[in-house]
Amino acid sequence: MSRVLAQARAKYKKAILIELFFVVVLGSVIALLSDTQSAVDFCLGFFSAFIPFYVFVYVVFYCNQNLSKKLTALYRGEAIKFVLTILLIIMAFKWLLVTYFIVFFTGFFVALMLNNIIPFLLNKS
């Protein structure tokens with residue numbers, strides 16, 4: 001079982017690095033094609049979905065637990081991910097003053113899609 005977890009850890013580590021590469025590239029392209037505020041709003045939306053995903057991966061795969069606690073860790077990770085997503089979106093709208101809401105949610109949905117597609121594609125290879 002530990003070999004399976006080690007493979008999953010490596011896969012999600014690659015996925016996180018690929019997602020970080022995507023946000024840098026897409027944020028740069030948006031900054032070049034539009035203004036910097038659009039790029040900031042895109043990155044805020046992206047990180048509103050990416051940071052909870054990262055925390056979820058950490059809680060599930062990297063916190064030391066015995067095998068009987070893994071299912072509990074999965075549910076705990078999902079709850080933390082849900083609450084953290086809500087808090088980050090509220091923080092972005094209330095204190096970081098998102099200007100372009102469509103760009104913000106585009107970044108959010110791109111991150112959600114990458115959170116699901118990249119691990120699936122890495123699993124196929």
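This is a predicted model: local features need pLDDT of at least 70, side-chain atom pairs count only at pLDDT 80 or more; totals for chains, interfaces and linings use all residues.
I started with the ring cluster: ring pairs link F93, F101, F104, F105, F108 and F109. For pairing I used Phe, Tyr and Trp rings (the six-membered ring for Trp) with centres within 6.5 Å; planes under 30 degrees apart are stacked, over 60 edge-to-face, and the rest tilted.

Residues are numbered from 1 along each chain as its sequence is written, and side-chain values use heavy atoms, with hydrogens and water left out.

**Aromatic pairs**

I searched the whole structure and got 13 aromatic pairs. Y12 and F53 make a tilted one, with 6.0 Å centre to centre and 55° between the planes. Y12 sits in helix α1 and F53 in helix α2 (residues 36-62), so this pair ties together parts 41 residues apart in sequence. My helices are DSSP runs (H or I, at least four residues), numbered from the N terminus.

Buried or exposed, I asked for F53? F53 is buried, at 4% relative accessible area, and Y12 is partly exposed at 22%. The cut-offs are under 20% for buried, over 50% for exposed, and partly exposed in between (1.4 Å probe, protein chains only).

Next I looked up F105 and F109, a tilted pair at 6.5 Å centre to centre with 35° between the planes. Both lie in helix α4 (residues 101-124), 4 residues apart, about one turn of the helix. F105 is partly exposed at 31% relative accessibility, and F109 is partly exposed at 48%.

F101, another member of the cluster, is in helix α4 too. I get 46% relative accessibility for F101, which counts as partly exposed. Its C-alpha atom is separated by 11 Å from that of L44, 57 residues apart along the chain.

**A lysine over a ring**

What lies over the face of F56? I found K81 there, at 5.2 Å from the ring centre. The test wants NZ of Lys or CZ of Arg within 6 Å of the ring centre and within 35 degrees of the ring normal.

T85 is in helix α3 (residues 70-94) and is buried at 17% relative accessibility. I left aside neighbours within four places in sequence and got contacts from T85 to S48, P52 and F108; contact means heavy atoms within 4.5 Å. F108 also turns up in the ring cluster.

N115 lies in helix α4 and is buried at 6%. Which residues does N115 touch, leaving aside its neighbours within four places in sequence? I list E19, A49 and F53.

**The α3–α4 loop**

L97 lies in the loop between α3 and α4, and its phi is near 55°, a positive value in a residue other than glycine. Most residues other than glycine have a negative phi. L97 is exposed, with 57% relative accessible area.

**Nonpolar patch**

Last entry: I18, F21, F22, V25, V29, L32 and L33 make a nonpolar surface patch of about 700 Å². Patch residues need over 30% relative accessible area and no salt bridge, with nonpolar side chains (Val, Leu, Ile, Met, Phe, Trp, Tyr) joined within 5 Å and like charges within 9 Å. A salt bridge is a Lys or Arg side-chain nitrogen within 4 Å of an Asp or Glu carboxyl oxygen. Areas are Shrake-Rupley with a 1.4 Å probe; for residues, only the protein chains shown count as cover. V29 is in helix α1 (residues 2-33) and is partly exposed at 39%.

Terms used
Helices (H or I, at least four residues) and strands (E, at least two) are DSSP runs, numbered from the N terminus.
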